[in-house]
Amino acid sequence: MIAEKNNIKKYILIMILLLAGLLFSLFFCLSAGSASLSLSDVFGIITGNKADNITDALSSIVLDIRLPRVLLAALFGGALSLSGYLLQVFFQNPLAGPYVLGISSGAKLFVAMLMIVLLSNGSVMSSGMSVIAAFLGSLLSMGVVLLLSLKVRTMSILIICGVMIGYICSAITDFIVTFASDSDIVNLHNWSQGSFSGLSSENVILSAILIFGSFIAVLLLSKPIGAFSLGETYAKSVGVNIKLLRFFLIIFSSLLSSVVTAFAGPVSFVGIAVPHLARLIVRTMKPLVMIPVSFLLGAIVTLFCDTIARCAFSPTEVSVSSVTAVALVPIVIILLLKGKGARYER
């Protein structure tokens, strides 16, 4: 009983520290850039009490350009991490993730096709249409993976099949982009590589509604997810509806990853790496702890990766997927090697 209370205190402390880290990361990333500002300057601009040396142009840079991007980077990082966690629970495999299983690539394909069709007809694709297209694409890719899972009993083979699906979707997307008009390619290029640039406050509002709604729904499912993590037999013995739970895991993991892909394109390896880091920090498999910790940690990691992508080679901006791959792939490899046989509290 005492040990359980101590664990609860530890988890609460970790979440408080992560929230503080997220707040600091937001202000730090807002201050970084070609027009460098201090944290106090950024705070003054946001609260409306800017210093005399802060011009209207600097305020506009922070509020109109950096703020939507930083908020979406945090939201999308949390969404990808939570999506990866749900997929790892679903497949009972530490290598499962929206990027590796081809879910992000399927969403990318559908958004690219819709974008090309609309742009070629002089129409503009709304945020809602982007999300719907990405969601349908991610569900199709997930459906293919699930069909393969009925035939393939080895999880490693299933992961390889997911990677191949991702390559096929990416190849078709590249083919579409190759034969698109020049104006269409300009609109598609940055997005298809994974980028948070050019996003608006409208995107922030819609993304926040979908992502936080999914987060709350997943948090409410923490108890059956915890039972499912201990095995299907145990989950059934405590009254968990396995089919319904699997359905929810698919829906929410696909929705979370599709929102990101709809606005920012495919962002790699956040969904695989961050849940591993979260488990390493909290030393438990309990969903009620893992869900918020994974979300907060994913937000922080993605914020810093995006800031590196934006500032490291300024004025040239690299894709955020390039940074996440370079930063997170070695971490995944190290954690998988060191974590073999690791035991966490359930």
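Let's start at Phe76. Leaving aside neighbours within four places in sequence, Phe76 is in contact with Phe196, Leu199, Ser207, Ile211, Val259, Val260, Phe263 and Ala264. Keep in mind that this is a predicted model.

Where does Phe76 belong? Phe76 is among the residues with the most contacts inside the largest nonpolar core, along with Phe91 and Ile225. That core has 104 residues. Helix α3, residues 56–91, gives the largest share of the core, with 17 residues. As background, nonpolar side chains tend to be buried together in soluble globular proteins.

Now to helix α8. This helix covers residues 201–220.

Which residues of α8 are buried? Here they are: Asn203, Val204, Ser207, Ala208, Ile211, Ser214, Phe215 and Val218. A reminder about helices: with 3.6 residues a turn, residues three or four places apart point the same way. What do the buried residues of α8 pack against? They pack against α3, α5 (127–151), α9 (222–229), α11 (242–264) and α13 (287–311).

Val218 lies in α8. Its relative accessible area is 1%, so Val218 is buried. Not counting residues up to four places away in sequence, Val218 touches Leu82, Leu86, Ile225, Phe252 and Ile291. Ile225 is also one of the residues with the most contacts inside the core. Then there is Leu288. Val218 and Leu288 are 70 residues apart in sequence, yet 9.5 Å apart in space, C-alpha to C-alpha.

Step back to the whole chain. The protein has 14 helices and zero strands. The radius of gyration is 20 Å, close to the 20 Å that the globule rule gives for 346 residues, so the protein is as compact as a globular protein of that length. Along its principal axes, the C-alpha trace spans about 65 × 55 × 35 Å. How much of the protein is buried? Of the 346 residues, 51% count as buried. The accessible surface comes to about 16200 Å², and 69% of that belongs to carbon and sulfur atoms. On contacts: of those with a separation of 6 or more, 77% come from residues 24 or more positions apart.

How confident is the predictor? The mean pLDDT is 84, and 92% of residues reach 70 or more. Among the elements, α13 has the highest mean pLDDT, at 94. Helix α7, residues 182–193, has the lowest, at 62.

Ser192 is found in α7. Buried or exposed? Ser192 counts as buried, at 11% relative accessibility. Beyond residues up to four places away in sequence, Ser192 touches Lys108 and Pro266. Its C-alpha atom is separated by 25 Å from that of Leu158, 34 residues apart along the chain.

Last, two loop residues. Phe269 is in the loop between α11 and α12 (270–282). Its phi is near 70°, a positive value in a residue other than glycine. At 23% relative accessibility, Phe269 counts as partly exposed. Arg283 is in the loop between α12 and α13. Its phi is positive too, near 55°. Arg283 is partly exposed, with a relative accessible area of 40%.

Key:
Residues numbered from 1 in each chain as written. Predicted model: local features only at pLDDT ≥ 70, side-chain atom pairs only at ≥ 80, totals over all residues. Heavy atoms only, no water. Core = buried A, V, L, I, M, F, W, Y, C linked by side-chain atoms within 4.5 Å. Buried < 20%, exposed > 50% of the residue type's maximum accessible area, 1.4 Å probe, protein only. Helix = DSSP H or I, 4+ residues; strand = E, 2+ residues; numbered from the N terminus. Contact = heavy atoms within 4.5 Å. Expected span 1.5 Å × (residues − 1). pLDDT = per-residue confidence, 0-100. Rg over C-alpha atoms; globule rule 2.2 N^0.38 Å. Areas by Shrake-Rupley, 256 points an atom, 1.4 Å probe, with all protein chains shown as cover.
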